[in-house]
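Hi everyone, thanks for coming.

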Amino acid sequence: MAGGLGASLRQLGGTLLGIAHTRLELLATEVEEEKRRLLSVMAWGAFGVLMASVSLVFLAAFVSVLFWDTHRLAVLGGLVLAFAAACGLAFWQVRMRLRESQGMLRDTLAELDADRQALHSGAS
């Protein structure tokens with residue numbers, strides 16, 4: 001009977017180790033996916049900001065030169081207000097996107113919770 005108990009304990013240990021291994025693989029996969037997504041978003045965001053900045057500088061210069069003789073102060077003031085409004089919109093969008101995050105490692109945590117509940121219901 002001791003051999004049967006030892007074998008059962010080894011089998012239980014192997015099963016628990018297999019579950020932990022699977023959960024760690026899921027964790028590693030999720031972290032890698034999130035890292036790649038974040039790097040992609042950052043790269044495209046930086047490129048977009050660079051191109052938008054260059055475009056806005058040239059647009060501001062063009063409009064300022066176009067109205068230099070007639071309404072230069074009004075045009076410059078309007079451009080400042082427009083850029084400030086765009087900046088506010090961008091920060092608002094960033095804040096909204098950060099709030100809608102679903103949380104890192106959501107699937108891993110859900111699987112671990114399911115394992116915990118299965119172990120508790122099996123022990124009862």
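Let's start with a question: which residue forms a salt bridge with E32, the closest N and O atoms being 2.8 Å apart? That residue is R36. Before I go on, a word on where this comes from: this is a predicted model, where local features need pLDDT of at least 70 and side-chain atom pairs count only at pLDDT 80 or more, while totals for chains, interfaces and linings use all residues. Residues are numbered from 1 along each chain as its sequence is written, and side-chain values use heavy atoms, with hydrogens and water left out.

By salt bridge I mean a side-chain nitrogen of Lys or Arg within 4 Å of a carboxyl oxygen of Asp or Glu. By that rule, we count three.

Back to E32. R36 and E32 are four residues apart in helix α1, about one helical turn; helices here are DSSP runs (H or I, at least four residues), numbered from the N terminus. E32 also has a salt bridge with K35, with the closest N and O atoms 3.4 Å apart. Those two lie three residues apart in helix α1, which covers residues 2-66.

How accessible are they? R36 is exposed, at 56% relative accessible area, where exposed means over 50%, buried under 20% and partly exposed in between (1.4 Å probe, protein chains only). E32 is partly exposed at 30%, and K35 is partly exposed at 43%.

Finally, R37 and E34 meet in a salt bridge at 2.7 Å, N to O. R37 and E34 are three residues apart in helix α1. As for the other bridges, shared partners join E32, K35 and R36 into one network.
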